[in-house]
Amino acid sequence: MKNIRRLLTAVAAAAVIVTAAGNFHAGESGPWQVEAAGRPVSIDSCLISGDSVVCQLSAGSVPACDDGKFYIYADEVWQDGTAGNAVATVDAGASVSVSFPLHYNTAESNLSRKFLVAVKQNGQMVQVSDEHYITNPEAVAAHTSARMDHGIKGILPDLTKSSREEVQELGLQQIVYNIAVDDICSGASEPGAIPFTYNGTTWYFNGGMISKYDSMIRSFNHYGVQVTIVLLNNGTSPFAADLVHPDAVGAECPGYALNVADAAGVSHLKAVCAFMAQRYSGQFNCGQVDNWILGNEVNARTSWWYTNSTSLDFNVNIYVKAFRIMYNEMKSMNANVRIYNSIDQEWNRKSNPGSFLSKEYLDQFNYYMNREGNIDWGLSFHPYNSPLYDPYAWNGPAVWVKNSISSPYITMQNLDILVNYMHQSHFLNPAGEVRSISLAEIGFTSSFGNEAQEASIAYGYLKAASFPEIDAFMLFRQTDEASEMESHLALGLFDLNGNKKPSYEIYKNLGTANEAAAKARASEIIGMDIDQMISQNIMWTRSDDGVVQ
């Protein structure tokens with residue numbers, strides 16, 4: 001879901017390398033790090049055990065305190081310091097275990113709260129640890145539905161064309177679809193509203209829209225297709241007004257940051273996540289969603305995750321809070337769902353001054369995840385060509401696509417840079433494994449010839465399939481979109497008249513027994529054996545900048 005309006009800006013903008021402000025520092029390939037906060041106590045883990053939360057604490061030096069006690073506070077994400085409730089006390093020590101009730105699905109639920117340690121000094125509570133979240137929400141999941149992991153071949157479907165025959169003919173294994181909170185939230189008095197009581201409050205969802213999504217998801221599952229849903233916030237519904245972040249209210253943009261700044265927004269977001277994950281757990285004849293993506297290209301602040309702040313840390317911080325809520329609430333309903341963030345291909349160069357570089361955003365996101373409790377989050381990445389309308393996935397402009405970590409963009413050509421980056425130890429999941437990477441949006445234009453689109457799709461798919469870390473390759477889109485074509489983006493497998501392009505045939509053959517025919521066709525267009533190009537990581541680039549003359 002690229003913002004096409006920024007396309008021409010992307011072509012002309014100067015290369016920009018941005019460094020973080022304040023106490024944050026980054027090397028060319030290293031993680032974001034924060035200077036020591038002077039907090040001597042560490043929360044080493046927060047885990048659900050039965051009906052309780054058990055925290056393991058350690059202290060290199062036990063801080064001075066009036067009464068020899070550690071106080072454990074549970075804060076909602078919008079609270080800081082000792083503003084929340086003290087849920088437990090324990091004797092202070094160098095190595096301490098403390099437990100308190102989870103209160104799952106009650107008004108006092110601790111599932112998505114953040115915990116910290118405080119001591120009493122001169123009669124005042126002083127925070128002496130960083131915050132930490134529960135990292136095993138799946139421990140209370142009512143459902144552990146078997147995932148439909150059948151392969152990476154996917155698409156953003158045109159629902160008017162997604163017949164069983166076509167899904168099967170294309171050999172689709174996955175689809176991705178966008179759902180906005182605006183469309184699913186409702187009021188109590190609205191016709192057909194679906195009530196959902198969660199954490200002691202009853203919320204309402206749009207029965208008509210939910211029924212449509214039930215049918216769509218159930219149908220794709222019936223065809224053996226795995227479903228990924230992108231959860232968006234368009235800021236258009238009065239029933240979801242409390243889900244728009246206060247620092248985004250009043251702006252006009254395609255997407256808004258979710259509200260994690262007050263009790264109303266946080267409570268509603270928890271309910272939305274719990275409702276959707278429960279309903280689409282595959283256990284209620286409504287269909288099964290295996291993968292959820294929070295937002296779209298959230299580093300593109302002024303386009304898809306808007307706030308009025310230009311601070312990288314502020315924007316990542318509120319996204320992390322929303323992500324923690326989504327992760328914990330959804331995995332408490334279905335243990336096997338995966339939750340992904342979403343960033344674009346503007347790795348070290350931004351086309352819009354209101355955006356953040358995707359590399360710096362990813363680094364800062366990972367910093368918070370490690371600091372506040374490592375979880376098994378996934379990365380959704382959109383490795384479009386640069387410029388977006390450049391027709392040659394295998395031969396991009398040298399000025400934009402480089403074989404180094406400093407590359408302005410990461411496209412399919414240099415995707416190995418991203419994959420290798422995610423192999424770094426501080427990016428691994430809690431099991432020490434490389435995280436799931438989903439190429440949840442990728443498209444190639446036919447505006448400059450059908451052959452270029454054919455070869456680009458083959459190159460992109462085969463390149464993605466060569467990496468075991470890549471779990472999805474989602475073509476954007478099934479049918480051309482007229483508004484996008486004004487910017488030379490004819491990304492579909494069908495044209496506007498409903499005719500199949502040659503790219504339909506090549507995508508149909510990829511990943512099947514007829515893949516050799518697709519490879520031969522792509523090799524003919526490229527002028528080199530495509531298997532050799534990919535297996536030897538041969539990277540062609542050209543001297544122009546990709547600007548359409």
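**Strands, a helix and ring pairs**

Q: How many bridges join S20 to S21?
A: Four bridges join strand S20 (residues 437-442) to S21, and the two run parallel. Strands pair if DSSP finds at least two bridges between them; strands (E, at least two residues) and helices (H or I, at least four) are DSSP runs numbered from the N terminus. One of the bridges has Ser438 with Ala472 of S21 as its partner.

Q: Before we continue, what are the ground rules?
A: This is a predicted model, in which local features need pLDDT of at least 70 and side-chain atom pairs count only at pLDDT 80 or more, while totals for chains, interfaces and linings use all residues. Residues are numbered from 1 along each chain as its sequence is written, and side-chain values use heavy atoms, with hydrogens and water left out.

Q: Which other strand is joined to S21 by bridges?
A: Strand S11 (residues 153-155) is joined to S21 by three bridges, again in parallel. There Ile155 stands opposite Leu475 of S21.

Q: Is S21 mostly covered or mostly open?
A: Strand S21 (residues 470-475) is mostly covered, with five of its six residues buried. Buried means under 20% relative accessible area, exposed over 50%, and partly exposed in between (1.4 Å probe, protein chains only).

Q: What unit do S20 and S21 make with H10?
A: S20, helix H10 (residues 450-465) and S21 make a right-handed β-α-β unit. Right-handed means that, with the strands pointing away from the viewer, the path from the first strand over the helix to the second runs clockwise.

Q: Changing topic: which residues of H4 are buried?
A: In helix H4 (residues 207-222), the buried residues include Ile210, Tyr213, Met216, Ile217 and Phe220. After H4 comes Gly224, with a positive phi near 85°.

Q: And the rings: how many aromatic pairs are there?
A: The count comes to 26 aromatic pairs. Rings of Phe, Tyr and Trp (its six-membered ring) pair if their centres lie within 6.5 Å; planes under 30 degrees apart count as stacked, over 60 as edge-to-face and the rest as tilted.

Q: Why is the pair of Trp347 and Tyr421 edge-to-face?
A: Their planes stand at 85°, with the ring centres 5.3 Å apart, so the pair is edge-to-face. The pair links distant parts of the chain: Trp347 lies in the loop between strand S17 (338-344) and helix H8 (358-371), and Tyr421 lies in helix H9 (residues 415-421), 74 residues apart.

Q: Are those two buried or exposed?
A: Trp347 counts as buried at 0% relative accessibility, and Tyr421 counts as buried at 3%.

Q: What about Trp400 and Tyr409?
A: Their ring centres are 6.0 Å apart and their planes are at 85°, so that pair is edge-to-face. Both Trp400 and Tyr409 are buried.

Technical notes
Expected span 1.5 Å × (residues − 1).
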